[in-house]
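Subject: Handover of a structure, with notes

Hello,

I am passing this structure on to you. Please look through it before reading the notes that follow.

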Amino acid sequence: MRLGAAAWGTKEDVATTPSTDQRFGLARHVVLPGPLLLDGGASFGPVEVAYETYGTPAPDASNAILICHALTGDQHVASTHPITGKPGWWTRMVGAGKPVDPARHFIVCANVLGSCLGSSGPASRAEDGQPYAMRFPVITIRDMVRAQALLLDHLGIRQLAAVVGGSMGGMQVLEWAATFPERVRAAVVIASAARHSAQNIAFHEVGRQAIMADPRWKAGDYYGAEPPAAGLAVARMAAHITYLSEAGLTEKFGRRLQSRDAKSFGFDADFQVESYLRHQGISFVDRFDANSYLYITRAMDYFDLAEEHGGRLANAFRGTRTRFCLVSFDSDWLYPTTESRSIVHALNAAGAPVSFVELSSPFGHDAFLLDVPELNRVVDGFIRAGEA
Amino acid sequence: MSLRPDLAIIARHVDPGSRILDVGCGDGQLMAVLRDTRQADARGIEIDGTNVSAAVARGLSVVQGDADTDLADYPDTAFDYAILSQTLQTTRAPDRVLEELLRIGRRAFVSFPNFAYWRVRWSLMWSGRMPVTPALPVSWYATENIHQLTVEDFRRFVRERGITVEGAWFLRGAQQRGAAAANFRAEHAVFLLRR
């Protein structure tokens with residue numbers, strides 16, 4: 001098999017990549033025996049993990065950085081997506097000359113447990129050879145992190161120089177620091193929260209109900225037939241609104257009409273914003289499994305780091321030696337600055353070294369994926385401080 | 001890069017290896033010096049986001065926050081020193097901020113511009129206008145200094161509150177001035193306090 005690293009970039013990159021170790025490179029896939037003891041009480045195994053690595057591990061793998069992806073993200077953090085053909089989802093943060101740089105770091109990104117890009121999820125086959133569908137156990141953010149820990153064991157990474165993630169990725173970062181503090185030297189949590197609010201849960205429930213109301217959903221047993229694309233598209237449309245700011249939407253679309261001079265007095269996508277959302281919904285169903293959407297949104301809704309530690313968030317970080325960096329965006333109303341601040345308060349109470357800044361951006365929650373040079377400056381400085 | 005004179009005094013008097021919290025740390029200049037020359041475990045709070053980014057980018061642990069509201073999050077005696085340089089006069093409740101400093105830190109350094117410095121008095125007396133001096137460079141409508149104070153005000157305040165003064169330094173530019181006529185001759189004051 002051709003090593004994925006060759007696709008990464010220049011000849012130098014190839015030369016510095018260990019060409020013999022099949023564990024490393026792009027488009028990797030491993031079946032780990034587990035079993036994982038899940039928060040829901042079930043024991044799950046074997047565990048499939050799809051992942052990618054970039055760069056070269058130091059002899060002790062001390063330069064390893066784990067990137068955690070968001071709800072609908074995947075392991076293709078800085079490589080071309082196999083379905084959409086688009087560049088990696090975080091090439092602004094990960095790549096040559098970026099804060100997370102394969103020239104310096106050994107970068108790992110894995111598809112989360114419950115997802116649909118190669119890791120174990122509802123679309124995976126159970127022991128009977130049939131897809132799990134709704135037989136897949138309900139999982140938590142901590143279960144995702146436990147699966148990643150199994151992967152790191154497999155890759156020979158004892159301790160991470162940093163764990164970095166935005167949105168649900170940030171929740172995994174927090175969970176990493178709380179569950180495996182001795183394995184995390186630095187944690188970067190961007191546009192995230194330590195728990196899902198009632199409003200967060202409410203929006204997710206709208207999405208789930210849209211999927212389950214689609215007659216093609218068939219209680220999750222749609223594999224091999226038409227998927228509930230209409231329901232999943234509506235779920236994505238509703239969620240997508242929460243990723244943008246009101247000001248951003250107004251600036252981008254306003255009340256402008258879509259390829260027409262006047263309102264149609266019908267229910268076509270008259271407005272540009274309608275057309276845009278429909279496109280977001282339709283293109284999403286090609287790359288994502290509806291049941292995975294149910295399971296992962298559930299995991300996020302169940303997330304409450306304080307609850308896991310006796311109701312006090314500071315207890316989650318008691319005695320930690322991890323360095324923390326939190327960033328929020330002023331226009332993000334999905335995980336607003338107050339959520340990051342409550343994490344900072346808890347970290348201060350626990351005596352942890354923490355940096356926090358609210359950055360200004362018109363892009364809403366999505367800002368963490370977009371061009372915000374200040375974000376790169378902050379993350380770069382924070383990560384380099386751990387390398388001195 | 002040379003430190004501002006009041007910061008240089010603070011830097012000289014921090015015990016090596018201390019845990020310090022710099023409240024209103026700006027871009028982290030003092031923190032970086034304390035880290036590099038005194039092996040301090042330095043943390044900072046700064047209200048301005050651009051300053052926070054600059055401080056984090058130089059590898060410091062700085063939290064965007066407000067001295068008036070965010071000191072309550074820190075446990076008692078979490079730090080050997082809490083530092084408040086040129087920030088006291090910008091807070092909404094300087095008395096509460098000082099109490100918080102002395103709760104969080106075993107000791108506190110506080111530096112501020114002296115509003116009774118003779119040039120300030122002169123300016124107010126002869127021009128009848130709010131002074132604009134090297135230490136107070138901003139016009140009345142734009143200044144962040146909403147609670148101006150004098151050396152004498154501060155001395156009286158700590159006496160009334162039963163706060164112990166362990167050290168005091170008075171400056172005009174980079175030059176030190178004696179304590180006796182400090183309220184008249186000092187542009188800046190630095191106090192080291194303890195509960």
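Two strands are said to pair if DSSP finds at least two bridges between them. Helices (H or I, at least four residues) and strands (E, at least two) are DSSP runs, numbered from the N terminus.

Some background on the model. This is a predicted model, in which local features need pLDDT of at least 70 and side-chain atom pairs count only at pLDDT 80 or more, while totals for chains, interfaces and linings use all residues. Residues are numbered from 1 along each chain as its sequence is written, and chains are lettered from A and ligands numbered from 1 in the order in which they are written.

Strands of chain A

Strand 8 of chain A pairs with strand 9 (residues 323-329) through five bridges, and the two run parallel. Within this pairing, A:A187 has A:F324 of strand 9 as its bridge partner. Strand 7 of chain A also runs parallel to strand 8, joined to it by four bridges. There A:V163 stands opposite A:A187. Between these two strands the chain passes through helix 3 of chain A, and the β-α-β crossover is right-handed (with the strands pointing away from the viewer, the path from the first strand over the helix to the second runs clockwise).

A residue is called buried if 20 or more other C-beta atoms lie within 10 Å of its own, exposed if 12 or fewer, and partly exposed in between, with C-beta atoms placed from the backbone. Five of the five residues of strand 8 (residues 186-190) of chain A are buried, so this strand is largely enclosed by the rest of the structure. A:A186, A:V188 and A:I190 point one way, A:A187 and A:V189 the other, and all are buried.

Strand 5 (residues 64-68) of chain A is likewise largely enclosed by the rest of the structure, because five of its five residues are buried. A:L66 stands opposite A:V108 in strand 6 and has A:V163 as its bridge partner in strand 7.

The listed active site

UniProt lists A:S167, A:D332 and A:H365 for "active site", in an unreviewed entry. Its positions are given in the numbering used here, feature names are shortened, and annotations may be inferred rather than shown by experiment. The three residues span 199 residues in sequence, yet no two of their C-alpha atoms are more than 10.6 Å apart, so they gather at one spot.

A:S167 lies in the loop between strand 7 (162-166) and helix 3 (168-179) of chain A. It counts as buried, with 27 C-beta neighbours inside 10 Å. Two residues are in contact if their C-beta atoms, placed from the backbone, lie within 7 Å. Leaving aside neighbours within four places in sequence, the contacts of A:S167 include A:A70, A:L71, A:Y335 and A:H365.

A:H365 is in the loop between strand 10 (354-359) and helix 10 (373-385) of chain A. A:H365 is buried too, with 24 other C-beta atoms within 10 Å. Beyond four places in sequence, A:H365 is in contact with A:S167 and A:D332, among others.

Domains of chain A

The domain assignment (bounds come from an automatic or database domain assignment) gives domain 1 (4-196 + 304-385) and domain 2 (200-298). Their C-alpha centres lie 26 Å apart. In the contact between them, 25 residues of domain 1 meet 23 residues of domain 2. The domain 1 side divides into 15 nonpolar, nine polar and one charged (Ala, Val, Leu, Ile, Met, Phe, Trp, Tyr, Cys and Pro count as nonpolar, Asp, Glu, Lys and Arg as charged, and the others, Gly among them, as polar).

Chain B

The contact between the chains takes 16 residues from chain B and 23 residues from chain A. Helix 3 of chain B gives the most to its side, with five residues. The chain B side divides into eight nonpolar, five polar and three charged.

Regards
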